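Thanks for passing this one along. Here is a friendly note to read beside the model, point by point.

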Amino acid sequence: MEYDNETIYASTDVAEQQQYQEHLQQQHQQSSQQTQQPQAHPPKKSAKQNNALPLWGNESSMNLNPLILANIQGSSYFKVSLFKLKTYHEVVDEIYYQVKHLEPWERGSRKTAGQTGMCGGVRGVGAGGIVSTAFCLLYKLYTLRLTRKQVNGLLTHGDSPYIRALGFMYLRYTQPPGDLFDWYEPYLLDEEVIDVKAGGGQVLTIGHMIRQWLTKLDWFSTLFPRIPVPIQKQIDAKLEQYARENNVSFADTQPDRGGGAPAAGKQARGGASSGSSGGTRGPTGFADARDVPRHEQSFKEKTAKREMFDHCDRDARPSRYDRFEEDFSQRRDHREREHKEYRDRDRDRDRDRTRERERDRDRERDRDRHRERHRERDRDRSRDYERKDRIRNDRRSRSHERHDNRERREHDRDRRKR
């Protein structure tokens, strides 16, 4: 009997273990389905998340040269003039009016001829100079933390090539190297010209400039952020493939510090080799980007338009915010003059009123004095009248007494005689 119970218990344990294993397998299948389901349908990002532009590298320095960054942060133009600009559109207007080249230093402000040793002519090393307006405004754009929409607005701006160039430079300093070609690809054949050298003399096209930024690190006396070698090879391969597809040559990407006109091998915008026009700004469909195509406007016409405002040096020429301050100061002076005139007028009016009150008090005092004098005179007269009356009455009384006494004596005398 005991043996039968043990066999029964053993059989029931095997059945329970099988049921338990089946239950574990079912739970495992359900959990795997639940983990695979979110991967099949990932959550969609909101429009705000898509519009946000992530930053790459050192977020505190914007990957700028430390000497340039220190001069920007210590510049009175950045600390005073640009501090007043709070919005993206105000900074864009400031770029239109103030930027005239893309070098990091103003012309003739940085001397390296007398330096020797490690500091002799080395890029980014030395005492520095006056940092350029373009790099101050570039760092100001970085402080605004631009969105994708704002960066695209810079790249497709039609008022000034320098606004577009600072947009491309913002991407070169802040975006991952692997994303640069995707940003620059629609503009590789852009034919808008720009003079990038301080004082003039080095005219490039936008396409030539951004191709140079993709393949070279040097930019005048500074360096762009380094691109890793594998990514640089991918960019070079993409450039070669792009050149083959568009039947162009990118042999002009070598830096030309001597200046000169753009290469003649490039195609014009909207040419025969351009593809179908789309919504994105690029070498295709440039004629539909605005009412007047940019390639029909010469660089001299645009510079003449910008020089209509008589801007010379950054420190000498007033911006529209300085003019606003000047107008504000004039209006404030005018208000102060008017307030002073009103205050003087009120002071004169108060003085006249005070004098008039003093005159009234003097007149009232004189009247009181005259009244008191008349009262005194009347009191004196009344005293005199009273005194005279008293004297008169006394005289009368005495005369009456004398008369009475006389009559009494006479009566007494007559009585005695009888």
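1. Overall picture. Please keep in mind that this is a predicted model. The chain holds 13 helices and four strands. Of its 418 residues, 31% count as buried. The accessible surface comes to about 27300 Å², and carbon and sulfur atoms account for 48% of that area. Among contacts with a separation of 6 or more, 71% join residues 24 or more positions apart.

2. Helix 10. I would start with residues 206-215, which form helix 10. Nine of the ten residues there are buried, so this helix is largely enclosed by the rest of the structure. The buried ones are Ile206, Gly207, His208, Met209, Ile210, Arg211, Gln212, Trp213 and Leu214. Their cover includes helix 8 (161-174), helix 9 (177-184) and helix 11 (229-246), along with strand 1 (193-195), strand 2 (203-205) and strand 3 (218-219).

3. Glu103. This residue sits in the loop between helix 5 (88-98) and helix 6 (133-144). Is Glu103 buried or exposed? Its relative accessibility is 15%, and because buried means under 20%, Glu103 counts as buried. Beyond its neighbours within four places in sequence, Glu103 touches Ser132, Phe135, Val196, Lys197, Ala198 and Phe220. Lys197 deserves a look: 94 residues separate it from Glu103 in sequence, yet their C-alpha atoms are 6.1 Å apart.

4. Positive phi angles. Phe220, one of the contacts of Glu103, has a phi near 55°, a positive value in a residue other than glycine. Phe220 belongs to the loop between strand 3 and strand 4 (222-223), and at 9% relative accessibility it counts as buried. Met62 is another non-glycine residue with a positive phi, about 60°. Met62 lies in the loop between helix 2 (47-51) and helix 3 (66-74), and is buried with a relative accessible area of 1%.

5. The whole structure has 18 salt bridges. Arg351 and Asp348 are three residues apart in helix 13, about one turn. That spacing in helix 13 is also found for Asp366 and Arg369, and for Asp389 and Arg392. An α-helix has 3.6 residues a turn, so residues three or four places apart point the same way. Arg351 is partly exposed at 36%, as is Asp348 at 36%. A network of salt bridges also links Glu372, Arg375, Glu376 and Arg379.

6. Charged patches. Which residues gather in a patch of positive charge on the surface? They are Arg395, Arg398, Arg402, Arg406, Arg408, Arg409, Arg413, Arg416 and Lys417. One of them, Arg402, lies in helix 13 (residues 320-417). A negative surface patch is made up of Glu401, Asp404, Glu407, Glu410 and Asp414. Asp404 lies in helix 13 too, and counts as partly exposed at 38% relative accessibility.

Methods
Residues numbered from 1 in each chain as written. Predicted model: local features only at pLDDT ≥ 70, side-chain atom pairs only at ≥ 80, totals over all residues. Heavy atoms only, no water. Patch = residues over 30% accessible without salt bridge, like charges linked within 9 Å, V, L, I, M, F, W, Y side chains within 5 Å. Areas by Shrake-Rupley, 256 points an atom, 1.4 Å probe, with all protein chains shown as cover. Salt bridge = Lys/Arg side-chain N within 4 Å of Asp/Glu carboxyl O. Lys, Arg positive; Asp, Glu negative; His and termini not counted. Charge placed at Lys NZ, Arg CZ, Asp CG, Glu CD. Helix = DSSP H or I, 4+ residues; strand = E, 2+ residues; numbered from the N terminus. Buried < 20%, exposed > 50% of the residue type's maximum accessible area, 1.4 Å probe, protein only. Contact = heavy atoms within 4.5 Å.
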